[in-house]
Every structure is written in structure tokens, then in C-alpha cells.
Amino acid sequence: MADIVITIAAALAFGFLAHEVRIPPLVGFLPAGFCLHLVGFTAFDGLQEVSDLGVVLLLFTIGLKFDLRSLLQPEAHGTAALHMITVVALGAGTIGLAAAIGIVSVTGGLGTLALLGFALSFSSTVLVVKVLEDRSDDGSYYGQIAIAILVLQDLAAVAFITIAGEEPPSPWALALVLLIPGVWLLSRVLDRVGRGELLVLFGVVMALGPGYVAFEAVGIHGDLGALVLGLAFSTHPRAVEMSKSLFSVKELFLVGFFVVIGLQAVPTWSDLLMALTLCAILLPFNFVSFYLMGRLFGLRNRTSVRSSLALSNFSEFALIVVAVGIDNGLFEDDWLTITALAVALGMIISSLANAYSLQIVAKLDAVLPDENEARLRTKDRPLDTGEAEVVVLGMGRIGRGA
């Protein structure tokens with residue numbers, strides 16, 4: 001019990017300090033994990049399960065509020081595909097160069113480097129959705145585009161983990177089609193479930209039962225199951241209400257997720273140097289890449305900047321991909337430490353940047369080209385919540401609030 005109390009108290013203390021300097025509390029949860037590890041603490045029994053439950057509930061609530069039509073938009077699937085290709089190439093090149101000059105050791109050839117680049121090509125679903133929810137922007141246009149890109153990235157990660165696993169999915173995976181009539185029946189139950197704790201319990205059971213456990217049982221990553229179940233319930237009239245009822249429970253469990261990441265990192269100086277190198281090169285490239293591709297696929301200046309800021313980080317899936325590589329003998333064990341440190345530092349940098357996103361957007365909007373704004377307005381797209389857009393009419397500019 002003492003370990004639990006100390007872990008929670010450390011998360012509270014560091015989260016409070018972050019709040020006091022007006023940055024997201026989750027920025028404090030990661031250093032809390034680092035400091036606990038430095039003084040000899042390890043994750044108490046059950047903390048990893050708490051962390052996993054937080055991620056499952058997060059993915060379930062993403063599905064509840066997500067518009068599937070966003071996946072069909074080229075600014076989502078086109079950006080996700082092109083960005084992944086470019087980051088894999090740059091990540092492999094960066095790591096290869098670092099290995100050549102002796103900063104880090106890499107066994108294997110180009111395929112190994114490409115797999116490390118692939119691990120670093122995802123953005124953090126947990127972090128991005130948390131940032132969007134804190135700003136009530138998860139329903140905005142830029143927020144929906146960012147989430148669509150995250151969903152596509154998560155599907156790619158889950159596909160890799162499934163293919164790289166020791167066993168392929170069970171033939172019983174075909175039975176998951178029974179979830180279609182099953183969700184219809186469960187939706188009738190949801191019609192009659194009351195509010196308060198019953199609605200919370202219903203949501204947790206759906207995320208874990210027919211969501212996580214059912215998919216895990218047939219050899220498919222359970223996180224994907226939680227997302228699919230959320231999407232299945234997204235058209236129900238009470239979907240948003242259920243998502244709101246799960247908010248506090250999900251937030252509490254997600255504290256464990258960020259603390260666990262901090263507890264995993266035991267860096268040497270060379271590990272820290274490599275992680276800083278990856279952040280210094282790949283994070284700015286992520287922002288520029290997402291911005292340019294957003295503009296290429298027709299997003300407005302501000303929409304592209306805001307979605308790019310949100311997505312410029314590394315994903316928790318990077319740790320899973322690297323762990324799979326280590327299990328298959330592709331990487332040395334220290335790559336898990338390097339990756340965990342890069343993910344943690346990337347989350348801190350991204351959280352700080354997003355805390356001042358409106359100021360950053362305003363400054364970039366003043367210097368970035370906007371000659372396409374008038375043309376983009378001819379498209380039937382909603383404006384981002386809280387953003388002021390500029391319409392070019394002849395020689396004058398007229399500000400319009402959204």
C-alpha cells in the first residue's frame with residue numbers, strides 16, 4: 001500500500017507543479033515516473049494493468065465521439081500514408097548516421113533501421129486526444145482530422161504487431177462479425193441503462209468485454225477491439241453521454257500510463273544523447289511534414305498548423321514495436337530505453353508547445369502564405385472552434401469569427 005500511496009502522491013505533486021506554471025498536468029506525470037525510478041521505486045503490482053485500462057477506455061471513448069467519414073477524407077488517409085513514408089526514411093537515416101559516428105549501436109542492416117524509423121513514425125493517441133479534450137477541441141474540424149490520422153496510424157501499428165506476432169490471428173477471428181447483431185442488442189440495453197454509476201459500468205464492460213477481451217481471444221490486439229466497439233456505439237443517441245460519464249475514470253487510469261513510461265526509462269548519457277537527437281530532428285520534421293501535407297490536401301493555414309502541433313510527438317506504440325523487434329533479435333535491449341526516453345521527452349515538448357498553441361498559430365499565420373484561403377472557402381467545411389479566419393475579397397481582408 002505504501003508504494004501505491006507514494007506513486008500517487010508523486011504524480012499529484014508533479015502534476016500540481018505543472019498546473020501552477022500553466023502547462024498540462026500530464027507534463028508532470030512523466031517526470032514523476034523518472035524521479036521515482038531514480039530513488040529506487042519500481043511499478044507496484046497492478047500499475048501496468050491500471051495503465052492498460054486507461055488506454056483501453058481512451059480508445060473506446062475516441063470511437064464513441066469519432067465520425068467515421070473523416071477516415072475517407074484525403075487530408076486524413078493521404079497525410080497519414082505520406083507522412084509515415086517520409087518519417088521512416090528520415091528516422092532510418094538519422095539512426096544510421098548516429099550509429100556510424102558511434103553514438104548508438106545498431107545490429108542489422110537497412111531493414112532494422114527502417115523498422116526503428118517505422119516505430120517513430122506514429123503520433124501518440126493518448127497524448128493528442130488528452131490535449132484535444134482539455135481544450136474541448138476533440139469535436140472541431142482540425143481535431144477530427146488529427147484523430148482520423150491517429151486511427152489510421154494505430155491500425156498500421158496493430159497490423160504490424162499482429163503480423164510480427166509468434167502466432168497469426170485465430171480462424172475464430174471471423175466470428176467477430178457476430179458483434180454486429182451483438183451491438184444492436186446491447187444498444188437496446190443501453191437505451192434502458194440509467195445515468196450515473198450504471199452508465200459508467202456499462203461503458204467499462206463494453207470496452208473490456210466485447211471490445212478488448214473478445215479481440216485478444218482471437219489473436220488480435222485488444223486496443224483495436226476497444227476502438228472498434230466505440231465506433232460501433234458512436235451512432236447511438238447516448239454515445240456522447242456515455243463518453244462524458246467515463247471521463248473521470250479514464251483520466252485517473254491514464255495517470256498510470258504516463259507514470260509507467262517514466263518508470264521504464266533508465267538512461268545512460270549515450271541513451272539520452274540519442275533520444276535528444278531523435279527529438280531535435282524528427283519532431284520539427286513531423287510538424288513541417290504534417291503542415292505541408294495538410295496544405296497539399298486542402299486544409300486551411302490555421303487548421304493545418306493546429307493539427308500539426310497536436311500530432312508532432314512520438315507514440316506509445318513505438319515502445320511496443322521496439323519490444324517486438326527485441327523479442328525477434330533485431331535490436332539490442334538498450335533501444336527500449338532510448339525509445340521510452342524519446343517518447344517521454346517528445347510528449348513533454350509537445351505538451352508545452354500545445355499549451356501555447358493559439359499564440360504559435362497566430363504568429364505562424366502572420367508569416368505563412370495564405371493565397372489559397374479564398375479558394376479553400378469554396379469547399380463545404382466547418383471552421384475550427386475558436387479560430388478566426390481571414391477571407392480575401394479583392395484587395396481587402398475581412399476578419400471573420402468562427
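1. Surface. Accessible areas come from the Shrake-Rupley method with a 1.4 Å probe, and for residues only the protein chains shown count as cover. On this basis the chain exposes about 17900 Å², of which carbon and sulfur atoms supply 70%.

2. Basis of the note. This is a predicted model, in which local features need pLDDT of at least 70 and side-chain atom pairs count only at pLDDT 80 or more, while totals for chains, interfaces and linings use all residues. Residues are numbered from 1 along each chain as its sequence is written, and side-chain values use heavy atoms, with hydrogens and water left out.

3. Overall form. The chain has 18 helices and two strands; helices (H or I, at least four residues) and strands (E, at least two) are DSSP runs, numbered from the N terminus. The radius of gyration is taken over C-alpha atoms, and the globule rule is 2.2 Å times the number of residues to the power 0.38. For 402 residues a compact globule would have a value near 21 Å, and the chain agrees, because its own radius of gyration is 21 Å. Along the principal axes, the C-alpha atoms fill a box of roughly 65 × 65 × 45 Å.

4. Of the 402 residues in the chain, 52% are buried (buried means under 20% relative accessible area, exposed over 50%, partly exposed in between, with a 1.4 Å probe and protein chains only). Contact means heavy atoms within 4.5 Å. Among contacts between residues at least 6 apart in sequence, 80% join residues at least 24 apart.

5. Helix 5. Why is helix 5 (residues 110-119) described as largely enclosed by the rest of the structure? Because seven of its ten residues are buried. Those buried in helix 5 include Thr-112, Leu-113, Phe-118 and Ala-119.

6. Aromatic pairs. Rings of Phe, Tyr and Trp (its six-membered ring) pair if their centres lie within 6.5 Å; planes under 30 degrees apart count as stacked, over 60 as edge-to-face and the rest as tilted. By this rule there are four aromatic pairs. One of them is edge-to-face and joins Phe-202 to Phe-233, at 6.1 Å centre to centre with 85° between the planes. This pair links distant parts of the chain, since Phe-202 lies in helix 9 (residues 197-217) and Phe-233 in helix 10 (residues 222-233), 31 residues apart. Both Phe-202 and Phe-233 are buried. Phe-257 and Phe-258 also form an edge-to-face pair, at 5.1 Å and 80°. Phe-257 is buried at 7% relative accessibility, and Phe-258 is buried at 1%. Ring pairs also join Phe-118, Phe-122 and Phe-160 into a cluster.

7. A charge over a ring. The charged end of Arg-188 sits over the ring of Trp-184, 5.0 Å from its centre. The rule asks for NZ of Lys or CZ of Arg within 6 Å of the ring centre and within 35 degrees of the ring normal.

8. Cysteines. A disulfide is counted when a pair of cysteine sulfur atoms lies within 2.5 Å, and the whole structure has zero disulfides. Cys-35 is in none; its nearest cysteine sulfur, that of Cys-279, is 18 Å away. For Cys-279, too, the closest cysteine sulfur is in Cys-35, and 18 Å is too far for a bond. Is each of the two buried or partly exposed? Cys-35 is partly exposed at 32% relative accessibility, whereas Cys-279 is buried at 6%.

9. Pro-267. This residue is in the loop between helix 12 (247-264) and helix 13 (269-296). Pro-267 is partly exposed, at 40% relative accessibility. Apart from neighbours within four places in sequence, Pro-267 is in contact with Leu-272, Thr-337 and Leu-341.
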